[in-house]
Amino acid sequence: MSATDAGCRVYLVTPPALDPARFRDTLAAALDAGDVACLQLRLKDAAPDDVKRAVEALMPVAHARDVAFLLNDDARLAKELGCDGAHLGQEDGDHAAARALLGEATLGITCHASRHLAMEAGELGADYVAFGAFFPTATKVTEHEAGTDLLEWWSEMFEIPCVAIGGITAENCGPLVRAGADFLAVVGAVWNHPEGPAAGLRALNAAIAAA
């Protein structure tokens, strides 16, 4: 998972609930539509066996298209299942222990709108930090609101990539790209696009290029 020389890329997050067997073809069609840096499997409160089935069904689809596959919330399970890494929130266990466990695999950490949390994440070896929410989102309750000044500060001060998250669409992403976001984490902008996920991804990539 890396930023391009030109800058920002799409960081795609799965819908909050899915049937892996049915979703596999939907995912393939979306990823075939344009550039995606990584796919995060985010199934909140799903049983480990359900997560395992989803990883087994979906990770090969991502890997066949050179898209990194990250698991949300659980570094141990990500390691066990052979994922490319894990994305952890502030409440998701011991970040330092996760860094040691994952080894060379990717570790991303949610830092909300906090410069302090982001610097802590960088110090313990996170591969990226995630800031947000930048816009209202239906995916989760918005407890923290971030501004573009946070992205500008981070990109000027640190080399560790940053991910912007929260209500991002093709229509509103321009300021985030220009402020220095390395990745845009999106859910509804792709999966809920009125013309389908492929059209949603094409629109996002076009907006990033235009920014």
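1. A residue counts as buried here when its relative accessible area is under 20%, as exposed when that area is over 50%, and as partly exposed in between. The structure discussed in this note is a predicted model, and the cut-off just given is needed for the next point.

2. Thr106 has a relative accessibility of 15%, and because buried means under 20%, Thr106 counts as buried. This residue lies in strand S5, which covers residues 106-110. Leaving aside residues up to four places away in sequence, Thr106 touches Leu70, Asp84, Gly85, Ala86, Asp127 and Tyr128.

3. For the chain as a whole, the same definition of burial gives 49% of the 211 residues as buried. The accessible surface of the chain comes to about 9,900 Å², and 49% of that surface belongs to carbon and sulfur atoms.

4. On overall dimensions, a compact globule of 211 residues would have a radius of gyration near 17 Å, and the 16 Å found for the chain agrees with this. Taken along the principal axes, the box filled by the C-alpha atoms of the chain is roughly 40 × 40 × 35 Å.

5. The secondary structure of the chain consists of nine helices and eight strands. When contacts between residues at least 6 apart in sequence are considered, 57% of them join residues that are at least 24 apart.

6. Ala198 and Ala28 are separated by 170 residues in sequence, while their C-alpha atoms are 9.4 Å apart in space. With residues up to four places away in sequence not counted, Ala198 touches Ala29, Ala30 and Ala33.

7. The second largest pocket holds about 170 Å³ of space. It is lined by 14 residues, of which Leu43, Ala46, Val51, Asn72 and Asp74 are the closest to its centre. At least two lining residues of the second largest pocket are supplied by each of helix H2 (48-63), strand S3 (68-72) and helix H3 (75-81).

8. What classes of residue make up the lining of the second largest pocket? The lining has eight nonpolar residues, five charged residues and one polar residue.

How values were computed. Residues numbered from 1 in each chain as written. Predicted model: local features only at pLDDT ≥ 70, side-chain atom pairs only at ≥ 80, totals over all residues. Heavy atoms only, no water. 1 Å grid on protein atoms, 1.4 Å probe; cavity = no way out; pocket = protein on both sides within 12 Å on 5 of 7 lines; lining within 4 Å. Points joined across faces, edges and corners; volume = space filled by probe spheres on them. Helix = DSSP H or I, 4+ residues; strand = E, 2+ residues; numbered from the N terminus. Nonpolar A, V, L, I, M, F, W, Y, C, P; charged D, E, K, R; others polar. Buried < 20%, exposed > 50% of the residue type's maximum accessible area, 1.4 Å probe, protein only. Contact = heavy atoms within 4.5 Å. Rg over C-alpha atoms; globule rule 2.2 N^0.38 Å. Areas by Shrake-Rupley, 256 points an atom, 1.4 Å probe, with all protein chains shown as cover.
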